[in-house]
Each structure stands twice: as structure tokens, then as C-alpha cells.
Amino acid sequence: MSRISLNIIVGLILGICSLLLIFISKNYPGTSKNFPITMLLFIGILSIAQIIISIYRYKNLNQKNFEINKISLIIFCLSFLTIYLMQFLNFFGAFLIFFLSLIYFYKLKNIKYYLLGTIILFLAIFIIFEFGLNVSLINREFLG
Amino acid sequence: MESLDVLSNLFSYSNILSIIVGVIIGLIIGMLPGLTANLGVALLLPVTYGLEPTSALLLLVSVYTSAIYGGSFPAILINAPGTSASAATALDGYILTKQGKFNAAIRVSTFASVFGGMISGFALLFIAPPLSLISLKFGPAQYFMLAVFGLTIIGTLSSGNFVKGLIAGSIGLFLSTIGSDLDSGYPRFTFGFSGLLSGINFVPAVIGLFSMSQALILSEDPLKTIQLNKFKAETWKFLPKFIEVQKVFLNCCVSSVVGVLVGILPGAGGDIASWVSYNEAKRFSKNKVEFGQGSIKGIAASECANNAVTGSSLIPLLTLGIPGSTTAAILLGALLIHGLQPGRELFTVNGNVTYSVIWGFIFANLFMGFVGLTVAKYFGKIAKIPNYFLAPAIITLSVVGSYAIGNNIQDVYTMVIFGLIGYLMRKLNYPPAPLILGLILGPIAETGFRQSQILAKESLIVYILNNSISLVLFILTVVSILSAIYFEITKKTNHEKDIS
């Protein structure tokens with residue numbers, strides 16, 4: 001998708017969202033609605049400005065197409081899954097699976113230093129957080 | 001007696017350790033192309049929860065200043081600036097490396113960075129306390145205008161697109177309203193989620209926006225490796241030569257002043273300072289041709305200015321609560337976490353902490369030079385850490401860091417969601433810094449706004465602008481917006497000229 005179209009779509013989404021949220025916040029009591037409504041109005045106006053700028057400013061310019069890398073999305077989903085798994089395994093168990101699965105997704109061939117780095121990282125986290133800062137990473141009851 | 005208190009506080013074991021650890025971590029982060037000072041400070045923010053305020057702030061400011069300095073290593077040695085602030089350094093630094101004079105380039109960049117950093121530390125020490133007196137005159141209207149001005153200026157200067165910067169800042173301000181209303185207790189925009197009642201914790205948001213999103217960016221090119229030029233370790237000379245210092249000393253003095261002045265301007269960071277200083281050094285040089293051909297004066301100008309920004313960007317932060325740079329915006333969060341409110345109180349009631357941090361910052365700059373010259377020989381090994389290990393390591397540290405805030409899994413989910421938001425924002429050219437600033441300044445802005453509403457007898461606008469400080473802040477806000485529009489138009493014109 002071209003950046004111009006994307007700027008317009010993002011502007012529209014922001015505009016519609018701010019309108020919807022203004023309607024929701026109208027029911028809030030007293031002065032609690034004034035500040036959020038002001039901000040939402042501001043976001044709405046700026047979104048329209050962004051759409052206009054996108055149409056008039058970039059129409060003659062060569063813009064790079066917008067791309068979201070597939071591997072970044074996979075890493076994001078894996079991170080989300082790992083955090084969910086933390087509650088059933090524990091921090092180190094879940095992240096060991098995370099690091100091992102990345103060998104497949106990154107298509108790594110020489111994994112000796114990768115595994116060594118992972119062990120050193122885990123040890124450092126264990127010493128700093130579990131011992132130094134009393135953050136419970138092994139006992140999964142606290143991770144729920 | 002007070003000076004002795006500050007010194008005894010500064011030279012405690014925990015504070016010295018914070019400086020040492022901060023300098024080393026900052027250097028490593030700066031040396032790795034793609035990792036920034038923001039990422040380092042954001043990642044270490046949760047670690048500071050368990051520390052005393054002085055140690056915590058010393059750790060973060062040490063990371064900040066040494067990461068900026070560390071960025072000069074990849075700029076000089078592999079023509080890949082570790083941080084945007086070192087981009088100007090690469091112009092002459094890499095030429096010197098190609099000529100086999102990398103050691104001289106590193107020595108000069110170290111001297112200039114330490115010089116600039118220390119001058120900015122002294123500027124902070126002497127300018128901030130008297131400036132903080134202004135904060136005593138601040139009421140609700142002034143605080144509201146201050147928050148608006150802070151957001152406007154960082155929104156306009158930190159990005160290339162001021163409308164997107166303002167949108168990001170406004171979204172941040174809006175996000176700060178999520179949760180129970182401070183006055184009525186009414187839940188706002190929680191949509192039935194009890195976890196949102198206490199609002200969005202900005203620490204996981206900072207980690208997500210700056211660290212997690214950076215890890216996702218690094219993941220795009222996991223097998224990327226850095227090509228290093230071979231350099232002989234045995235030819236390494238540790239200290240700068242007298243003739244080199246003599247040659248760049250005047251440059252360093254001028255660049256320090258430029259860096260300090262740019263740093264005080266809210267929103268203008270090290271990258272602007274280094275380019276302005278480089279151009280000025282070139283303009284006033286008798287031998288302009290040497291710039292861009294491997295001039296040590298060029299390296300000194302750029303490196304001195306970007307490190308001079310680090311201390312001076314803390315001046316508006318500590319005195320008025322306006323961050324002078326993106327990293328300073330994260331440091332504002334650190335101050336608030338440790339119960340330190342920017343303003344006069346920071347130099348009176350909490351003077352022991354503040355002055356210890358300022359002196360510690362000056363000491364950190366000196367120590368940074370020593371460590372930098374020692375580890376420079378091992379730069380090759382550090383820079384070779386591949387993205388396929390860096391990205392998951394940053395994600396792991398982001399998760400454990402956000403979990404450590406309150407042993408709460410919800411903070412981790414907040415971090416991951418903000419990580420995705422940050423990634424999309426970077427892809428769409430929306431700067432993440434104004435969003436975080438909005439989230440931090442939101443409660444101050446809303447309180448000022450609502451108190452002004454109550455106090456205003458007639459018109460709210462008339463009440464807010466009915467005093468000299470608010471009026472000055474309003475004029476500055478308008479000027480910053482108009483200047484941003486002017487830069488946008490001139491940038492557009494230049495772009496069109498380039499294309500034609």
C-alpha cells in the first residue's frame with residue numbers, strides 16, 4: 001500500500017475513533033469530560049489536517065510503499081504467546097521455548113554462540129532480577 | 001557543610017557502582033548501530049525501582065551521556081552512526097579510518113565528548129538552580145500552558161512532520177485520561193476492564209515504544225552483519241596527543257556553547273546540535289576544504305556538541321519539567337517514579353539528591369572517556385553482535401523489566417501492545433516521543449486545565465493568558481508551531497527542487 005493512501009486511512013481511523021470517543025465521553029459527569037473531549041477534538045482536527053496534507057503535498061512525490069515485515073509480526077506474535085506461556089511454565093521455561101523457536105524462524109545455522117549468549121543472558125537476568133531486585137521469575141504462581 | 005553532604009552522598013558505594021555500570025552499559029548500547037540512548041534508558045528504568053533516587057538517576061544519566069559518546073565509535077570505524085547524534089561525526093571520522101588514522105579519530109572524539117559533557121554538567125550546575133526560581137511563580141494556568149508548550153515543541157522539533165508529532169502528543173494526552181477520574185472517581189474509557197481503572201502505567205509504555213519496537217525493527221534484518229575494517233591493536237595510543245588537543249581546543253569551546261544552547265531548547269536534541277556545530281566550525285575555519293576529508297576539527301565539533309546537549313537538556317527538565325530531548329522525557333518519568341517533582345523543590349528540599357546527580361554526571365563524563373578509550377580496542381567484538389541475538393535479548397529484557405515494575409503481568413501486556421504501537425508509528429513516520437511526553441504531562445495539563453476552569457470567572461482563555469508567564473509560554477507555543485510550518489514548507493520546496 002502506498003504511504004499516501006495509508007496516511008489517509010490512518011487519518012480517517014483516528015478521526016472516526018475520536019468522534020466515537022467524544023460521544024462516549026459526553027455522558028461523563030461534571031468537569032471530568034472536558035479535558036478528554038478537548039484532546040479528542042484536537043486529534044480529530046489534526047487528523048483532517050493530516051489527510052489534506054497527504055493529498056496535496058505528496059501527490060506528485062515518489063513515496064516508498066509501506067511494508068510491514070512478516071518476520072517482525074511473527075516475532076511479535078511469538079512474544080505475546082511467550083508471555084501467555086509464562087503463566088503456565090515460568091519466565092525461564094517460556095523464554096527458552098521463545099529462543100529455541102527463533103532458531104527456526106530466523107533460519108539460523110550456526111547456533112553455538114546463539115545458545116551460549118542465551119545462557120549468559122538468562123544467568124544475568126536471574127542474578128540481577130531474582131537475587132538483586134527480588135522479582136519472582138521462577139515461581140509461576142506469581143506470574144498469573 | 002552542604003557540599004560535604006553532597007560529596008559523601010555521591011561517593012557512596014551504590015552511587016559509584018551506578019555510574020560505572022551506567023557508563024559501561026551506555027557505551028555498549030551506543031556502540032551497537034540501531035540501539036539508542038532512549039532504548040538504554042527505557043530498558044533500565046524498571047531496574048531503578050529498587051535503587052535509592054540518587055543511584056537510580058545516576059545510572060540513567062550515565063547511560064544517556066555514554067550512549068551518545070558510544071555512538072561515535074561505529075560512526076568513525078564503520079560509517080554507521082550508533083545514534084543519530086553521531087551522524088556528522090561519520091563524515092570525517094570514517095575518512096580518517098580509511099586513511100588508517102582511526103586511533104587519532106577515536107582519541108579526538110573521546111576528548112571532545114568528555115569536554116562537551118563536562119561543560120554541559122557545569123552549565124547544569126550553574127544555570128539550573130537560579131532558573132528554578134521561576135517555577136515558584138507557577139499556578140494552574142501556567143502549568144497548563146507549560147504542558148502545552150512542552151508538547152508542542154517536542155512534537156514539532158523531534159519529528160520531521162509536525163502534524164504527526166502533534167497527533168502523537170494529543171493521543172498521549174488522551175491516553176493519560178484513561179482510568180478513574182482524580183476528582184469524581186468516575187471510570188473513564190475503561191470499557192469494563194478493571195485493570196485500566198488505575199490508568200496506563202507509563203513505564204511499560206516507554207519500554208514498549210522505545211525498546212520492544214526497536215527489537216521488532218531489528219528483526220526485519222536478523223542476519224545483518226557488520227563489515228569491519230581491520231585495525232591493529234598494537235598501534236593503539238591511549239591518551240590524546242597535545243598537538244591534537246591544541247588543534248581542537250577552540251573548536252571544543254565553541255561547540256560546547258552551541259551544544260549547551262541547543263540542549264536548553266526543549267525538543268532540540270544532539271543531532272541538531274552536532275550538525276549546527278559542525279557547520280559553524282566549517283564556516284569559521286580558515287581551511288574549509290579539510291572538512292569532509294578527514295578533519296579532526298569536524299569530529300571534535302560534532303562530538304563535543306552532541307555530548308554538551310546531554311547535561312543542558314536536563315536544565316529545562318529539572319527546573320520546569322520540560323524535557324530538552326527524548327531521553328530527557330524518559331528521565332522525567334524516572335524523576336516522578338522516585339517522588340521528585342521538577343521545580344524549585346528539587347534544588348532545596350531534595351538538593352542533596354539533585355546536586356549529587358549533577359556532580360555524578362560530571363564525574364560520569366570523565367569516567368566515560370577512560371572506559372571508552374579502554375574498550376575501543378574491543379569495538380569489533382561488540383559491534384559484531386548480530387541482530388538475531390540482539391532482538392530477542394531486547395524483547396526478553398523488555399518483558400522482565402516491565403514485569404519487575406510491580407510483579408504484575410498486566411504491565412507486560414501493556415508493554416507488548418505499546419511495542420506494536422511503537423513499531424507501527426515508526427513505520428508510519430509518527431514520532432513516539434510526543435506520545436510518551438503526553439502520557440507523562442497529561443495529569444499536569446488536566447489538573448491545570450480543570451483548576452483554571454474553576455478559577456476562571458469569565459472566559460477560560462482570558463484567565464489562562466491573564467499573566468505574563470502564561471502569555472510568554474503562549475507566544476512561544478505559537479512561534480514553535482509557526483516555525484515548524486515554515487520548516488515544513490521550505491523542506492517541501494527543497495524536496496520538489498531536488499525532484500525537478
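This is a predicted model: local features need pLDDT of at least 70, side-chain atom pairs count only at pLDDT 80 or more; totals for chains, interfaces and linings use all residues.
Chain A is built from five helices and zero strands, and when the chain is read along its sequence the pattern is α-α-α-α-α. Buried residues account for 26% of its 144 residues. If one takes the contacts in chain A between residues at least 6 apart in sequence, 63% of them join residues at least 24 apart. The domain assignment of chain A gives domain 1, covering 3-57, and domain 2, covering 70-143, and the C-alpha centres of these two domains of chain A lie 39 Å apart.

Chain B contains 22 helices and two strands, and of its 500 residues 60% count as buried. For contacts in chain B between residues at least 6 apart in sequence, the share that joins residues at least 24 apart is 79%.

## Where the chains meet

On the chain B side, 48 residues are in contact with 54 residues of chain A. The elements of chain B that give two or more residues to this side are helix H9 (162-175), helix H10 (202-219), helix H18 (387-404), helix H19 (409-427), helix H20 (432-455) and helix H22 (468-499). The helix that gives the most is H18(B), with 11 residues. Sorted by residue type, the side of chain B that touches chain A divides into 30 nonpolar, nine polar and nine charged residues.

## Two buried helices of chain B

Helix H4 of chain B, residues 53-70, has 18 residues and reaches 25 Å from its first C-alpha to its last, which is close to the 26 Å expected at 1.5 Å a residue. H4(B) is also mostly covered, with 18 of its 18 residues buried.

## The largest nonpolar core

In soluble globular proteins, nonpolar side chains tend to be buried together. In this model the largest nonpolar core has 190 residues, and the members that touch the most other members are B:Val41, B:Leu60, B:Val206 and B:Ile436. Helix H7 of chain B, residues 102-131, gives the most to this core, with 14 residues. The core also draws at least three residues from each of domain 1 (3-57) and domain 2 (70-143) of chain A.

## A glycine in a loop

B:Gly199 is found in the loop of chain B between strand S2 (187-188) and H10. This glycine counts as partly exposed because it has 19 C-beta neighbours inside 10 Å, whereas a residue needs 20 or more to be buried.

Not counting residues up to four places away in sequence, B:Gly199 touches B:Ile178 and B:Gly179. The C-alpha atoms of B:Gly199 and B:Ser180 are separated by 7.1 Å, although the two residues are 19 residues apart along the chain.

Key: Residues are numbered from 1 along each chain as its sequence is written. Chains are lettered from A and ligands numbered from 1 in the order in which they are written. Two residues are in contact if their C-beta atoms, placed from the backbone, lie within 7 Å. Helices (H or I, at least four residues) and strands (E, at least two) are DSSP runs, numbered from the N terminus. Ala, Val, Leu, Ile, Met, Phe, Trp, Tyr, Cys and Pro count as nonpolar, Asp, Glu, Lys and Arg as charged, and the others, Gly among them, as polar. Domain bounds come from an automatic or database domain assignment. A residue is buried if 20 or more other C-beta atoms lie within 10 Å of its own, exposed if 12 or fewer, and partly exposed in between; C-beta atoms are placed from the backbone. A nonpolar core is a set of buried Ala, Val, Leu, Ile, Met, Phe, Trp, Tyr and Cys residues joined through C-beta atoms within 7 Å. The expected span of a helix is 1.5 Å times one less than its number of residues.
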